[in-house]
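Subject: Structure handover

Hello,

Here is the structure I said I would pass on. My notes on its ring pairs and one of its pockets follow below.

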Amino acid sequence: MLSLRGFWRRHRRKLYVTAGVLGSGYLLYKLYNAHRQRLADLDTELEHERDRNEELIKAQMQAHFENIQRIADTTTLPHAMQYLNSRIAEELDLSHLTDRLMQAKGQSTSAEKLELWDRLKILSFTRMVLSLWAMTILSLYIRVQVNILGRHLYIDTARGLGSSLLIEDADLIHRDDQQKFLASSDFLARYGMPALISNIQAAATEVLKGKQLRDSFNAIVLRATVMQILDKFMSTGDPHHWVNYLMPEDARALELATAFSNDNTLLPDVTKFEQLMVETRAVISSDEFGSVADIALRAVVDTVIEDIGAQPGGVQLAKVLARVARMGPTVLEEPSKFIQIILNVPEVERFFTLIYSSMQIS
């Protein structure tokens, strides 16, 4: 017992110091653990916040996209088809030919009447093929616009929420640019029509030159004739010549497209509207779009031929012309049926799914 007291007296100071050190170390350890736990809790909270932000971004992006889609379906597309129909009716009015044929009964020579019938034959097919081609391509074009616009709206939403998914991009897209971009779908009807009519008429003239009014036409022959006109038209000139009917081609657009294709970036002074137009042109000039457009056109042609109702046994071409002439306005006056047929084509659905998913930020 005495030895323990002696030990305590001799080493009391050291024992106090050691106990103090051990107590301080334990306290620091507890403080460190608490701090580490707070950091871990903060990281977890921030992660949850990021997840909530990403979900909010996706929800708002979807809302933006659906709103633009609604505008396209209820306003842009119907307006574009109505305007297109009025322009085609102005440029390809067949009433003067039918009136002259009615007046020519018993008054004109056979050669004169034959010339009138030949012109009616060519212009009837021209109007129908023009209408179904323009309706199909323009509806696909507007869908491309909607997908591209949706991608930019996604970026704008992500930037506003400070998303971790955000990549660097140009300035926010303004509402005026959105409206101007969607309104550009009128370019075909406003400016592209004369050249488009001329080239389709040339294709129709080439295909129909060997077909006589008394020739028998059934659904198979009629479909083959329409497809021959389309193939002739699409294969004439540059592989993507038809893009210029839908969009303006100028030095500025060419400069921007070249810069974009080289390294996927744009010039520093490019406006948002110009960027949207360049991206649209890149998509519709692609081989993938051309393939999808061809498939969609064939689906529309099949429905048009079915609606014309050519008899299986065949009737003379002269008797089919009236129904061919009527189908042109019908395609554009009642486009919803044909547009739905286009959208139901599996290749079309996959194409736009890939476009939109590839444009999302990942």
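A residue is called buried here when its relative accessible area is under 20%. The model is a predicted one.

By that cut-off, both Phe 233 and Tyr 245 are buried. Phe 233 has a relative accessible area of 1%. The ring centres of Phe 233 and Tyr 245 are 6.1 Å apart and the planes are at 20°, so this pair is stacked. Phe 233 belongs to helix α6 and Tyr 245 to helix α7 (residues 243-246), 12 residues apart.

The model has seven aromatic pairs. In another of them, Trp 133 and Phe 233 have ring centres 5.4 Å apart and planes at 90°, so the pair is edge-to-face. Trp 133 is in helix α3 and Phe 233 in helix α6 (residues 219-234), so this pair ties together parts 100 residues apart in sequence. Trp 133 is buried too, with a relative accessible area of 0%.

Elsewhere, ring pairs join Trp 242, Phe 289, Phe 351 and Phe 352 in a cluster. Lys 180 sits over the face of Phe 273, 4.3 Å from the ring centre.

Two or more lining residues come from each of α2 (95-103), α3 (110-161) and α11 (317-333). The most come from α11, which gives six. Sorted by class, the lining has 11 nonpolar, three polar and five charged residues.

Regards

Conventions:
Residues are numbered from 1 along each chain as its sequence is written. This is a predicted model: local features need pLDDT of at least 70, side-chain atom pairs count only at pLDDT 80 or more; totals for chains, interfaces and linings use all residues. Side-chain values use heavy atoms; hydrogens and water are left out. Helices (H or I, at least four residues) and strands (E, at least two) are DSSP runs, numbered from the N terminus. Ala, Val, Leu, Ile, Met, Phe, Trp, Tyr, Cys and Pro count as nonpolar, Asp, Glu, Lys and Arg as charged, and the others, Gly among them, as polar. Rings of Phe, Tyr and Trp (its six-membered ring) pair if their centres lie within 6.5 Å; planes under 30 degrees apart count as stacked, over 60 as edge-to-face and the rest as tilted. Buried means under 20% relative accessible area, exposed over 50%, partly exposed in between (1.4 Å probe, protein chains only). A charge sits over a ring if NZ of Lys or CZ of Arg is within 6 Å of the ring centre and within 35 degrees of the ring normal.
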